[in-house]
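Reader: Could you walk me through this one? I'm new to it.
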Amino acid sequence: MNKVIIFGGTTEGRRLAQTLAKKEIFCVYCVATDYGKDPIEESEYIEVRTGRLDSTAMVEMFECEQPDGIIDATHPFATAVKTEIEDALFRYITVPFYRLLRAEDNVDVSGCTFFDSALDVARALENTTGKVFLTTGSKELPVFCQSESLRERIIARVIPNIESLEICKEQGLKGSQIIAMQGPFSKAMNVAFLKESGASILVLKEGGQASGEAERIEAAGALGIKCFVIRRPQEKVEGLTFDQVRDKLFNLFRIDYSDDLEETDEVTAAMPEQGFDNKINVILAGFGMGPASQTREVLEAIEEADYIFGAPRMLVGFDSKAKKYPHYLAEDIVPILQQITIDLKYGTKNVVILLSGDTGFYSGAAKLGKALDELNFCKTRILPGISSISAIAARAKENWQDGEILSTHGIKESTWKLQVLNGALHNKKTFVITSGAKDVRIIGEMLVSAEKEYGIRFKIFVGTNLYTDERVEWLTADKCASFNRDGLVTILIKNDNVIPKILAPSLLDSQFIRDKVPMSKEEIRALSVCKLQPTKNSVIYDIGSGSGSVAVELALLDPSVKVFAVEIKPEACSLIKKNIEKFSASNIELVEGAAPDVIRDLPAPTHVFIGGSGGRLEDILSELISRNTHIRIVINAVTLETISEINNVLKKFEIDDADIVQVTVSKSKKAGEYSLMQGQNPVYIVSFGVN
């Protein structure tokens, strides 16, 4: 597989990864924080890795991944990471390396004063008066806040993440001095900010295109405000433009891109005003599973089309005079439609965009339709098709309205595995659209394990390439585990011995792999989970996870739940891994280390269970509450010292509605012919919500 490593976190890096993914080039996309990965589109060809890496860690990643190319698309001012990349490359075998340079903005800078560093700007500001609107980012704040007189004049606009706000707080900025917002910001928005803040000086970095540099300078110019600009650092390595990097990678992997059409400012600027005789009729058409499965209305639309878009396999097998484009994503289609409209002098054109299966079933029609609705020259209509679920049910002579319907296509394996296993165990019929033979084998392996665990037998109806050289057959789980037939595969899993899903905590202590690691007992675990009140799509931290029993209990409630098991002890981490594997709880992620240190880069939680805090309960709660002001927390305590610690933090954080329960459990134990009740340690369960 062709593979590249991209150090990103920028618009250019994200755009390059998505461009390569469309050409089925696998990208390991590295960003420093979760904030850097948020905008990137999900793709089976993009693996996002979060966390700051030094050169040693980079070399280890290079040796593990064996990339065909490495790209530095980091921010122009990210000099530290650029140095680490250079050091890593020096220690690694030679592979093609490109530094992607951000293009400079074409903007009038006659009203700007340029400086070589933030320190130089700070010194110059000491000799000025009035408010300073600072847009250089949080990492530069310490330089500007050294002087108390200057600090009091600053209005800082930073990105809205915890790290930035913590830096603002550490530097002594008041809430009225902080604007935490995500860009991009238009010229009009910048004008509004500058007016509202009463600033007389704007400070920014020479970030180039995609940084919003031009919009800020133009806004300052419109208001007659001074601009202090920090020059971009000089590059040690010769850089290339986005197009040059893309072209070099396409040449490296021998990809033909001559038909690719990029959206340009010129095309947008040339768009005519929409008139009655100047429009395009667009039909989003469900293609079914191939030419033999198309509906009559879709065939008629194809016959009347002037232009047809779709995946390459859809554009063959039917006669049409229409011009055909092998595209099905909005970012590829919209520029072509814009050009068609520019060239259209009168009348209308008919466009058909073919989408596999049915337009209302795991289809790109919704996203594409939304993009087209924003174009003032398009009139859009949707025609349904026959889904593979409908087809496989018909071939198997089964109804599908009472079955669980799932898809693995375009979804992370760690997400769909638990969904499929839950569906198969708890439903008589589970329909699954797959990405091909590999997914079928993984499902087969899971079902083989489930058969051994629960003493049941599955029957699997497998349909390959339905309607096009199709093959349908009933298989056993072990046959699916060795399935190796190429093509588009949809399956039906039948289970005549359904295991009713218990909608509550239900695991016995005896079901877990045990060791000397402490574990919340099943009665305490059940009550704690009920007090936590998790919901679908919850993001839950299990802090002080121990054996992982609470994490597993929470994860098995619903596949949509995401659990982070936080644990510092190596022996406990090893045990958690074993229990995750035993219960196939792929929606649990083990986080090794001490809270709150290791939770700062995790997604913000909705619920938190604290089984052990290591004496840092106050620090943990401070971090949690700063991450989410609407969060539910449950704490378990056994020792009097922990009870005292909980009491202190409840007072400090002014939590006056905490529910505190002391639970004492006695369990029967056989003593000859008699059963004696044996008491366990009393446990305090403290639960509260933060609002």
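This is a predicted model: local features need pLDDT of at least 70, side-chain atom pairs count only at pLDDT 80 or more; totals for chains, interfaces and linings use all residues.
Reader: Start with H17. Which residues of H17 are buried?
Author: In H17, the buried residues are Trp416, Leu418, Val420, Leu421, Asn422, Gly423, Ala424 and Leu425. Buried means under 20% relative accessible area, exposed over 50%, and partly exposed in between, using a 1.4 Å probe and protein chains only. Helices (H or I, at least four residues) and strands (E, at least two) are DSSP runs, numbered from the N terminus.
Reader: How many residues does H17 have?
Author: H17 (residues 413-426) has 14 residues. From first C-alpha to last, H17 reaches 20 Å, close to the 20 Å expected at 1.5 Å a residue. That expected span is 1.5 Å times one less than the number of residues.
Reader: New topic. In what order do the strands of the open sheet run?
Author: The order is E15-E14-E16-E13-E17, 5 strands with parallel pairing. Two strands pair if DSSP finds at least two bridges between them.
Reader: Which are the edge strands?
Author: Strand E15 (323-325) and strand E17 (378-383); each pairs on one side only. On average, neighbouring strands of this sheet are turned by 20° against each other, direction ignored. Axes are lines fitted to C-alpha atoms, for helices over the stretch in contact, and angles run from 0 to 180 degrees between N-to-C directions.
Reader: How many bridges join E14 and E15?
Author: E14 (residues 307-309) pairs with E15 over 3 bridges, in the parallel sense. Phenylalanine 309 stands opposite tyrosine 325 in E15.
Reader: Which strands does helix H14 touch?
Author: H14 (residues 330-343) packs on the sheet and touches E13, E14, E15, E16 and E17. The direction of H14 makes about 175° with that of E14.
Reader: Now E27. Why is E27 largely enclosed?
Author: 7 of the 7 residues of E27 (residues 631-637) are buried, so the rest of the structure largely encloses this strand. Ile631, Ile633, Ile635 and Ala637 are buried on one side, and Arg632, Val634 and Asn636 on the other.
Reader: How does E27 pair with E31?
Author: E27 and E31 (residues 683-690) pair in the antiparallel sense over 7 bridges. Alanine 637 stands opposite tyrosine 684 in E31.
Reader: And how many bridges join E26 to E27?
Author: 4 bridges join E26 (residues 607-610) to E27, and the two run parallel. Isoleucine 610 stands opposite isoleucine 635 in E27.
Reader: Last one. How many aromatic pairs are there?
Author: The structure holds 9 aromatic pairs. Rings of Phe, Tyr and Trp (its six-membered ring) pair if their centres lie within 6.5 Å; planes under 30 degrees apart count as stacked, over 60 as edge-to-face and the rest as tilted. One of the pairs is phenylalanine 133 with phenylalanine 193, stacked at 6.2 Å centre to centre with 25° between the planes.
Reader: Are those two buried or exposed?
Author: Both phenylalanine 133 and phenylalanine 193 are buried.

Note on methods. Residues are numbered from 1 along each chain as its sequence is written. Side-chain values use heavy atoms; hydrogens and water are left out. Contact means heavy atoms within 4.5 Å.
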